[in-house]
Amino acid sequence: MKKFNIRKVLDGFTAAAAPPAPPREVDAVPESLQSELFQLCKTVRHGFPYRPSSMAFDPVQKILAVGTQTGSLRLFGRAGVECYCQHESGAAVIQLQFLVNEGALVSALADDTIHLWNLRQKIPAILHSLKFNRERITYCHLPFQSKWLYVGTERGNIHIVNVESFSLSGYVIMWNKAIELSTKTHPGPVVHISDNPMDEGKLLIGFECGVVVLWDLKSKKADCRYSYDEAIHSIAWHHEGKQFVCSHSDGTLTTWNIRTPAKPVLTVTPHGKQPKDGKKPEPCKPILKVEYKTTRAGDPFMVLSGGLSYDTVGRRACLTVMHGKSTTVLEMDFPIVDFLTLCETPYPNDFQEPYAVVVLLQRDLVVIDLGQIGYPLFESPYPLNIHESPVTCCEYFADCPSELIPALYSVGSRQKRQGYSKKEWPISGGNWGQGTQSYPEIIITGHADGSVKFWDASALMLQVLYKLKTAKVFEKARCKEEKADAVDEDPLAIQTLFWCPDSRMLCVAGVSAHLIVYRFSKQEVTADVVQLLEVRMLSERSGVDAPDPGGDQTPTAPPPSTPQDGDAPPAPPAGCSEGARDPVLQVRSSALKQSPGYQVELVIQLLWVSGEPPQQVTSLALNSSYGLVVFGNSEGLAVVDYFQKTLILSMSVSELHVPAELRSPRKSQHPSGALCDSNEGTNNLDDRCKSPTSGPTSPCNSDDEPKQKFIEKGTVCFSDQSPPPHRKASKAFILKPLPVKFKSRRFSKTVANDFAKFSRRISSSNEQKLDHELRSKARLASRRCCYSVKAGKRDPQRRLKEDVCRTLSDPNPYAKDGSFSRSRSSSVTSIDRESPEVLSSFHFCETLPRKWDGGLSPCLMVGASQGSVMMLSLTLPPAGDQRLLQPVSLACCGSLNRLRGGILTMALLDSTGALLPPPFEPWCDPSASDEEKEKLRRRRPASPPAPQGGQDAQFAVLCSDKQVKVVSMATQSCVHKHSITEASFVLRADVVHVAGASCVACFCANGHIMAFSLPSLRPLLDVNYLPLTDMRIARTFCFSNQGQALYLTSPTEIQRISYIQETCDNLQEMLSELFTPVDTPEAPNRGFFKGLFGGGAQSLDREDLFGEVAAGKASRSLAQHIPGPGGMEGMKGAASGVVGDLARARVALDERGQKLGELEERTAAMMSSAESFSKHAHDMMLKYKDKKWYQL
């Protein structure tokens, strides 16, 4: 007889009751990404040069160069031809000089260094450098087609540099020899150097004190000296070389004849009031620069900057164009830095024929057409208006749908300004690069004035596509004085944005705690009323320290007044004034005409709660397939259904940690609708579960009110009543499912009501424990923070992180004085006060909301600033009309995982490691017919496909500012984890698609850019690129697909980088060419009589004067020569110029042609000889054809 074993029976029961065994994790997911595929490099820089200081133009190559105070160079050609260079010293560029049509540029810096740049390569490089040791450089001049550079100094001396060898000549013009011997004072620095257009042997030298000297280079003495009482700023020659014009500090222009140095021929004050009695006109502001250009057919042009009268206080900077008897004053938006007149010929001794004026402003670059009446502007092809309003946020989207850019361009082309010149852009040099990137790229920038710009960034170019103005949604009246402390100086500033390229849905969040949902349409519509939803986010700050009385509480009756149709809104809570309760921005009440493009779908405004202003939005997400928008801040999160225009959920952060099955009813301190006084007692549980769509009733109801509701397991279900049409908004409330599991799915209203009363009695002890634990943790954190402040133990890393978080929460961090302004948002991670956990990231997906769930369902992943990742399960109505009638329900599923540091990004992978994008609804024009919409719905892509290997084979990628984890969604256990940094923290992290696979890209505060493979988190890249020296970088740095990234390197410039090897290898081919071989125009014809009597231009052999043989060697201590990185041979070949290259090429071609000619002659001779031989052979054959052998 077999012995009975009770233990085996019990083991059988235990095995049957135990949960199913976890599935076997994917042991080794094949990964194609290797570290050899990654390399970091800068690609291109877009935008206006920050803090410009100088400018130069090559009239033959049609290239413009701009130098800045930070030592950078920006070169511009035709549309799409741009280049960026940087001097290592970072000193300001005080002057630029092109070697015209030579492919070289000379830059003079404020550190007394002169550099020679080679522009004949796609990435310009320095060939030579010359450092002056004993004198400061003030002015440089390089004559056309000359290799000798004149350098004026602060001491008044002039040195001469050979630009081929970058060596100093022994020929020096000393200031004491240039001025009169009787002069007792120093003339000051050299402010101008130029040679006579008709005589290269005469050099015109202008000193700051007002003395001008015409120096004879051959005789080494001064021919003439011209003196004026006022300081000189600039000098311009007439092309005949007989007169020159000086601009002075008192706003006057003096015209001098070179043969009459006693007094000026003409003295004019362009903007001065001319007295009737013949006295000297009143002094004006200095004329900083003047240019004198002649024409063959008409009067000359005189262009000048400055010189306005002193009584024009507050008037903007002006450019004056004097042509004949007419004087035109052109007002500029910003101060003028420099200007250049573009002429048809590069020769100074010919009629210049000016056709345009390039004006470099402090924040803009404009080109004026001199050939049309009114002097219109040329339309700039460069993206120089990025900073039109300060950039507050930036997003980068690579590999977008191909139809997006044409769609945005079609609606944006209607926004272009009119009145531009009809001529082509005059700066037309260079050639485009041969780009290999074929995928479209879009950059979106949010600005301080509430505008959003879409840019086409394909093929290393940048062009504005479309501009959206959110200010049209609000009334024009700005915030009042009593609201000034609620937001920063720009109440419309964009805080953050979310864009879905596939559905073209856009949601922007502003600094005034407002959100706007936009839908793209190609048709113009007029909205009678802007849809508005007002939301009160619940705050737990007052509930942290308040003691919980516990036990059963009796709800407080609401005020007797209940808002009815057409009644005034309820009174504000205690401690909140009526004025402070109103939003900072008032939504437009009149009809809104919306042009094709992005049109308003819904406006969401956060309201004041208990006398406190709403907190700024810190995170945002939108899903077009679900029709939901979720946003969060330091108070909690809110979920809005923009299909039904209702609020679905408003929940604090602490409630997200507790699953719906285990949550106990909490006594809320004040309802989110703010219809009850903040000093009233706690509300009923069923009142807190009241649907926001349940109509205009008071939230403080009796226990009989919840009988109209029903309770579902782990889910809050809402009444299907829709809000009355006259209501602007639905009020938000805390939604609290009951903490008890039911066997049945639904209960009757009576059972639900009785059970709710019973659950309040039995759950008071659990609630006390939970709330006491939360408050204890908060107090402990507060004590630690306070102790750290008192003890002064704030480490630098913590302090830097606080500054970054403060800056990230403030879209306008720059005050008027250029310093950072402190954000008023409570989302700042600061130890100066109690810091609640802030929601930092959202991600919609279709996955397993809980362990061992049977199938995939719509979910929302929520990341917080303290490392927690929570799950929310969504229950959506059926598509179609039911979606607009039935409510959406959500259930908290508790915490998924916890990481060190704040959550930055989240994503979902399938079993093969492929990235699963969130589900989306493909774009369909709202004005399209029902048939077209139905066709698009049928073609609608389904939710992310079921992963291979079973529905439970999904992995969540969770990245914080300290570490990254890969979590199995089936077991909610960590599969892989990696510590990113210990000494620093991550500023930006994104899960991107690179080279057919996915990876995690991170940018740390210590400047490191890193990449990790998925799902194994194997390090692929770690480069020390850019330390965090500016909070602007932390705000705007973002990664994108295909190995692309960008950040705002200055308030006016965007720097794009690539971290993929393929792009870095092909960068040379993708970049544009600055130099193209062009023949130099022929010199002007001297004419018969001028050539006969010597009236033409006189040339000078400068080599005989400045060469080492004639002038000797300069002192070695005067300047130090620094070779460039190209080497001596490369420098010699580059410095020889393209003229020498062309000459050598012509000689080589001539030699080759000569040889080819000789070969052709030889070939012709051989052919004729062969023909002769053939003829003779044929004749001989005919002669002896019919003869016998014996007849020969």
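The model is predicted: local features require pLDDT of at least 70 and side-chain atom pairs pLDDT 80 or more, whereas totals for chains, interfaces and linings use all residues. Residues are numbered from 1 along each chain as its sequence is written, and side-chain values use heavy atoms, with hydrogens and water left out. Helices (H or I, at least four residues) and strands (E, at least two) are DSSP runs numbered from the N terminus. Contact denotes heavy atoms within 4.5 Å; buried denotes under 20% relative accessible area, exposed over 50%, and partly exposed in between (1.4 Å probe, protein chains only).

In α3, the buried residues are L404, I405, A407, L408, V411 and G412. Viewed down the helix axis, these buried residues fall within an arc of 165°, so they line one face of α3; the arc is that of the directions from the helix axis to the C-beta atoms.

A nonpolar core is a set of buried Ala, Val, Leu, Ile, Met, Phe, Trp, Tyr and Cys residues joined through side-chain atoms within 4.5 Å. The largest such core comprises 35 residues, and I442, F454, W499, Y518, Y598 and V603 have the most contacts inside it. Helix α3 (residues 404-412) supplies the largest share of this core, five residues. When neighbours within four places in sequence are left aside, W499 is in contact with F397, L404, I442, I444, F454, R504, M505, L506 and Y598. A second, separate core of 29 residues includes L33, A1001, L1026 and Y1059.

Elsewhere, four strands form an open antiparallel sheet in the order β14-β15-β16-β17, two strands being paired if DSSP finds at least two bridges between them. Its edge strands, β14 (190-196) and β17 (221-227), each pair on one side only. Six bridges join β16 (residues 211-216) to β17, and V213 stands opposite R225 in β17.

Most residues other than glycine have a negative phi, and most peptide bonds are trans. By contrast, R51, in the loop between β1 (41-47) and β2 (52-58), has a positive phi near 55°; with 38% relative accessibility, R51 is partly exposed. E353 likewise has a positive phi of about 55°. This residue is found in the loop between β26 (336-343) and β27 (354-361) and, at 25% relative accessibility, is partly exposed. The peptide bond from L1014 to P1015 is cis, with omega near 5°, and P1015 lies in the loop between β54 (1008-1013) and β55 (1019-1024).
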